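Here is a short report on one chain, to be read beside its sequence and model. Please keep both in view.

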Amino acid sequence: MTQNWGMTIPFYDRSLSRSQELIAELPGLGYTDVWSAEVNGTDGFTPLALAAQWAPGLRLGSAIVPVSTRGPGLLAMSAATLADLAPGRFVLGIGASSPAIVERWNAGEFTKPYARTRDTLRFLKKALAGEKVSEAYETFEIKGFKLERAPKIPPKIVLAALRPRMLRLAAEEADGAITNWLSPEDVRKVRAEIGPDTELIARLFVCVSEDTDKVREMARWMLASYLTVPVYAAFHDWLGRGEVLRPLHEAWAAGDRQAALKAIPDDVVDALIVHGDAATCRARIQQYVDNGLDTPVLAPIPGGEISIEQAVRDLAPKE
């Protein structure tokens, strides 16, 4: 596999409407991919639809679209639309998401996340191939769905996967696995579950800054908000950080946010957030690649001495 080098869009310091010029600049800088996200900002598809026009040639991926916030048919329609706009260049990333996003924000049901993801994957593979689908899955039933216009080139489908069962599903039935909030050393453990031939994609949060104390202070808020989510807590238990993160979880559960932040050790912050000057950051990203990551998807975050725009340029792959 040729080395991919991705960027998260839109950028943290600007709206999607203000992102056109910088997105258009990415191919010339050496980036191969752009990947969206979907939490409580932009949706997962619109940035990719615009990037398909603004930067022809880039691979476009969603990382990720939840499987329980849209009906399966609507998810197939959205994927088919992107696949038509960018034939052979769109990768549909789907995943279980979290109870907060699915239930509290979207009035859905977060039940049987593994089975729902597996069933959605199986449905989408048939639907995006142009088949008429009538099938009772474990978590939903489809009666006579067929895309009005199936894409000429069905998109690849990759799964958000954090632990062995979902990672093995990604390797056996999907086209790749997406993960995040891990260290370069953790990549080896994830890679061991999916084997050498499955594409592994990860979003890497990067702050180009030599002010280590400031970066750690900012990063602790990000880490606390993610690592206290049950699926990420379980992920880091599996990675071997259960005991070191126990004080974080206990303080968070008690409602003491300041104690929770202080409980995150510096070495955990440094393991999970890429920071330093641009050369140091690029070298750290290369460690992920050397340990088995196929597609680093950079997410430059504010707080450094240079702008996000300059960070995007400075973090570009070098010849």
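## Basis and an exposed glycine

A residue counts as exposed when its relative accessible area is over 50%, and as buried when that value is under 20%. The model is predicted.

Gly-57 has a relative accessibility of 57%, so it counts as exposed. Its place is the loop between α2 (46-54) and β3 (59-62). Pro-27 lies 30 residues away from Gly-57 along the chain, yet the two C-alpha atoms are separated by 7.7 Å.

## Helix α2

Which residues of α2 are buried? They are Pro-47, Leu-48, Ala-51, Ala-52 and Trp-54. An α-helix has 3.6 residues a turn, so residues three or four places apart point the same way.

The buried residues of α2 pack against several elements. The helices among them are α1 (20-29) and α3 (72-85). The strands are β2 (33-36), β3 and β5 (90-95).

On one pairing, β9 meets β8 (residues 156-160) in the parallel sense over two bridges. Here Ala-177 in β9 stands opposite Leu-159. The chain gets from β8 to β9 through helix α6 (residues 164-173), in a right-handed β-α-β crossover.

β9 also pairs with β10 (residues 199-208), again in the parallel sense, over five bridges. Ile-178 has Ile-201 as its bridge partner in β10.

## Nonpolar cores

How many residues does the largest nonpolar core have? The count is 101. Those with the most contacts inside this core are Phe-11, Tyr-31, Leu-60, Phe-90, Ile-94, Phe-123 and Leu-124. Strand β10 supplies the largest share, seven residues. A second, separate core has eight residues, including Ala-63, Val-91, Ile-201 and Val-297.

Leu-124 can be followed in detail. Leaving aside neighbours within four places in sequence, Leu-124 is in contact with Pro-72, Leu-75, Ala-76, Leu-92, Ile-94 and Ile-157.

Terms used:
Residues are numbered from 1 along each chain as its sequence is written. This is a predicted model: local features need pLDDT of at least 70, side-chain atom pairs count only at pLDDT 80 or more; totals for chains, interfaces and linings use all residues. Side-chain values use heavy atoms; hydrogens and water are left out. Helices (H or I, at least four residues) and strands (E, at least two) are DSSP runs, numbered from the N terminus. Buried means under 20% relative accessible area, exposed over 50%, partly exposed in between (1.4 Å probe, protein chains only). Two strands pair if DSSP finds at least two bridges between them. A crossover is right-handed if, with the strands pointing away from the viewer, the path from the first strand over the helix to the second runs clockwise. Contact means heavy atoms within 4.5 Å. A nonpolar core is a set of buried Ala, Val, Leu, Ile, Met, Phe, Trp, Tyr and Cys residues joined through side-chain atoms within 4.5 Å.
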